[in-house]
Amino acid sequence: MQFFLDTGNVDEVKQALDWGILDGVTTNPSLIAKTGRPFMQVAKEIVKLVDGPVSLETVSLDTEGMVKEGRMLAEIGDNVVVKIPMTPQGMKAVQILESEGIPVNVTLVFSPAQALIAAKAGATFVSPFIGRIDDVSGEGMKLIREVKTIFDNYDIDTEIIVASVRHPMHVVEAALIGADICTMPFEVMKKLFNHPLTDRGIELFLKDWEKVPDKPF
């Protein structure tokens with residue numbers, strides 16, 4: 001499973017790249033707004049840093065506006081993926097952009113039917129938002145299982161991006177289901193490294209090392 005970072009923070013992207021586990025980035029106007037920096041400036045920096053897909057979101061609600069913004073975003077770099085919302089107008093935009101060779105990530109997906117529609121429209125990626133479903137007492141991972149089953153049933157090429165991730169277990173569960181990608185906040189990605197027994201083991205090893213005579217290093 002690929003690891004994407006869901007962020008608008010360039011420093012977080014650089015840190016994840018330094019760890020060597022970053023496959024791509026997803027971002028949106030809300031995340032970039034938190035940085036207080038111009039949208040296009042941040043977008044161009046991230047696209048230049050990352051070799052993998054970088055999802056950049058449109059803000060128009062009509063098909064014409066989405067297509068116009070999508071084409072503009074695609075000019076930033078060959079690895080740009082245009083994020084389009086799951087609406088009838090959005091699905092029209094998906095078909096136009098994909099026909100022009102511009103990959104699309106359909107966002108704000110909350111049901112298997114929506115995911116299937118996005119795939120039928122030709123989306124390269126579909127992003128079910130599991131955390132927001134959990135927030136309203138639903139079961140976000142059930143959605144991922146259902147979408148994965150449907151896509152496998154029909155050999156659908158659209159890749160599943162597990163989005164709105166809240167904690168490391170969401171990442172593990174997504175991997176167990178067989179989702180293609182999990183996009184996560186920086187804090188969740190950091191927590192994937194952590195385990196108290198790892199910390200305890202290092203502490204014990206270092207204490208024992210101090211007792212070793214004639215250390216070579």
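Residues are numbered from 1 along each chain as its sequence is written, and side-chain values use heavy atoms, with hydrogens and water left out. In this predicted model, local features need pLDDT of at least 70 and side-chain atom pairs count only at pLDDT 80 or more, whereas totals for chains, interfaces and linings use all residues.

Helix α9 spans residues 168–177, and its buried residues (under 20% relative accessible area, 1.4 Å probe, protein chains only) are His-170, Val-171 and Ala-174. These residues lie on the same side of α9, because they cover an arc of only 100° around the axis. The elements covering them include β1 (2–6), α7 (130–135), α8 (140–153), β7 (159–162), β8 (181–184) and α10 (186–191). After α9 comes Gly-178, which has a positive phi near 100°.

The axes of α8 and α9 come within 10 Å and cross at roughly 20°, so that α8 is roughly parallel to α9 (angles under 35 degrees). Met-141, Ile-144, Arg-145 and Lys-148 of α8 make the contact (heavy atoms within 4.5 Å) with His-170, Glu-173, Ala-174 and Ile-177 of α9.

Asn-79 is placed in the loop between α4 (63–74) and β4 (80–85), and it counts as buried because its relative accessibility is 16%. The side chain of Asn-79 reaches the backbone oxygen of Val-50 at 2.7 Å; when residues up to four places away in sequence are not counted, Asn-79 touches Val-47, Val-50, Asp-51, Gly-52, Pro-53 and Val-54.

How values were computed:
Helices (H or I, at least four residues) and strands (E, at least two) are DSSP runs, numbered from the N terminus. Buried means under 20% relative accessible area, exposed over 50%, partly exposed in between (1.4 Å probe, protein chains only). A polar contact is a pair of N or O atoms within 3.5 Å; within protein, one must be able to donate a hydrogen and the other to accept it, and residues adjacent in sequence count only if both atoms are side-chain atoms. The arc is that of the directions from the helix axis to the C-beta atoms. Axes are lines fitted to C-alpha atoms, for helices over the stretch in contact, and angles run from 0 to 180 degrees between N-to-C directions. Angles under 35 degrees count as roughly parallel, over 145 as roughly antiparallel, 65 to 115 as roughly perpendicular and the rest as oblique.
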